[in-house]
Amino acid sequence: MKSVHVNNHIRKNTVYNMIKTCSGIVFPLLTFPYLSRVLTPEYVGKCHFSSTFVSYFSLVASLGLPAYAIRECAAVRGDPDRFGTVAGQLFSINICTTAVSYLLLWASLFVFKSLRPYQTLILIQSAGILLTTLGADWMNNAMGDFRYITIRTFIFQLFSFMALFLIVRQPQDYIRSVVLTLVSGGGANIMNLFYRKKYCRVRFTWDMKWKKHRVPVFTMFAMLLAQTIFGNTDITMLGMMRGDYEAGLYSTAVKISSTIMQLVCSIMWVMLPEVSRAFAGKDGPALSSLLRMNFQYTMGLGMPCITGTIVMSEEIMYIAGGKEYVCASRYLVILMAAHLIGLAGGQFLGNIIMLPSQREKYFLQACMAAAVVNFFLNLFLIPGYGAALAAVTTLISHFIIFLMLYLRVRKEINIGSMKENLGPPVAGCFLIVVWCILLRQIHMSFWLGFVLSCAGGALLYAGVLWVCRYEIFMSDICPVIRKVWVGFLRITKRFRGGKR
């Protein structure tokens with residue numbers, strides 16, 4: 001019964017988190033084409049450069065605490081007193097690291113004169129560091145309260161979405177667009193200050209138990225730093241070595257690929273607390289079930305998204321930014337291939353196995369090796385070859401992480417047959433490619449072709465999973481589709497009855 005309750009809890013939270021992630025994807029998909037046309041590649045490049053720069057200091061502020069805090073708080077969430085104690089310690093450490101990050105940020109603005117054109121943008125975006133720390137959203141994740149997270153996030157995203165079209169009208173309004181982005185995330189974090197009182201009252205304390213937390217916290221920090229290096233240095237180096245225009249094109253491809261992968265990886269944050277509890281309790285059967293479910297969700301959802309994006313890369317770049325951005329479609333293809341490797345490597349082997357099992361040091365070693373290779377490849381290749389090789393170095397980095405982690409845990413993974421887990425998704429993706437190629441042979445309007453490619457590909461993929469009786473599709477997705485269809489029929493029936 002406990003296992004059934006846990007699985008139902010995970011399924012509900014998965015739905016909530018996917019809704020939240022979908023809203024996080026849909027709103028940018030609706031706003032980014034507008035912004036890319038209004039702001040032009042130059043101002044898009046400026047915004048992305050300053051955002052990337054601030055992300056380094058945001059990393060110092062977080063110090064790897066969110067993932068560690070979710071793991072530690074999830075293990076004691078059944079005891080309110082222990083939960084409050086651990087949460088208070090980690091929150092206090094986070095306040096101190098945030099203060100350090102601001103000191104470093106302000107010092108860098110005074111030291112590096114080349115940052116002065118970006119100073120206003122950097123200062124505005126840096127406010128998000130403090131709001132993220134005060135919000136401490138990791139408490140809600142540890143408690144598995146994804147319903148609140150979803151509703152809260154949707155409300156602020158909707159507000160920012162509507163305001164964007166009202167106040168951003170010309171390239172000079174790029175600062176306003178940055179402020180609205182800050183409001184979208186910052187407002188949600190302010191709400192957390194009031195909402196989290198239902199769990200416990202978190203206060204700053206000097207009794208942080210720093211000695212107890214420092215080793216795993218610094219390990220997490222080093223790991224995230226390494227991930228950030230090979231995730232963001234390509235944009236930074238492109239901006240410095242090749243200019244804002246090429247950085248703007250490449251960062252657009254990065255933005256699209258990252259946005260798509262957010263949806264795919266949303267299941268990870270739902271399962272992380274449960275997997276952490278299963279590792280802590282040494283519950284082998286529950287752990288195997290959770291890992292199998294996570295792998296099928298991740299690959300079963302990720303592979304068609306990646307395949308579809310690769311096949312329709314030119315159309316997607318055109319929709320996102322117009323004709324001027326179509327030339328960046330080749331960057332998107334390479335980045336999506338890199339993400340496919342990353343799903344199996346950093347996401348599944350790293351975040352779902354290494355972190356909950358408290359073996360983050362092996363994940364750190366893989367990330368550091370990838371970061372070093374990525375940095376030097378970018379340093380020597382970007383000046384001569386530009387964004388295309390920057391995308392290739394990202395792919396190489398993801399492969400290094402996958403290989404190092406797989407060699408470490410290949411004998412410990414018990415998720416069933418790879419043929420059962422990957423066979424149906426591979427067959428479905430093959431049909432997606434064939435369908436999209438066939439549609440291109442038929443003369444039709446751009447939008448009709450795009451819609452038919454997406455809708456037809458999704459139906460063919462779902463059909464393959466149904467024919468093959470793919471486990472998560474039959475147990476989790478089919479019941480949802482059935483309920484939605486039944487609800488639609490009822491609404492239609494009432495509507496027709498009312499008309500009569």
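Modeller: A salt bridge here requires a side-chain nitrogen of Lys or Arg within 4 Å of a carboxyl oxygen of Asp or Glu. The model is predicted.

Biologist: What makes arginine 292 and glutamate 420 a salt bridge?

Modeller: Their side chains meet at 3.5 Å, N to O, and the cut-off is 4 Å, so the pair qualifies. Arginine 292 lies in helix H11 and glutamate 420 in helix H16, so the pair ties together parts that are 128 residues apart in sequence.

Biologist: Why is arginine 292 called buried?

Modeller: Its relative accessible area is 17%, and buried means under 20%, so the label follows. Glutamate 420, at 47%, counts as partly exposed, because that class runs between 20% and 50%.

Biologist: What makes arginine 440 and glutamate 315 a salt bridge?

Modeller: The closest N and O atoms are 3.2 Å apart, and the limit is 4 Å, so this pair also qualifies. The pair links helix H16, which holds arginine 440, to helix H12, which holds glutamate 315, across 125 residues.

Biologist: Is glutamate 315 buried or exposed?

Modeller: Glutamate 315 is buried, with a relative accessible area of 19%; the class requires under 20%, so the residue falls within it. Arginine 440 is partly exposed at 47%.

Technical notes
Residues numbered from 1 in each chain as written. Predicted model: local features only at pLDDT ≥ 70, side-chain atom pairs only at ≥ 80, totals over all residues. Heavy atoms only, no water. Helix = DSSP H or I, 4+ residues; strand = E, 2+ residues; numbered from the N terminus. Buried < 20%, exposed > 50% of the residue type's maximum accessible area, 1.4 Å probe, protein only.
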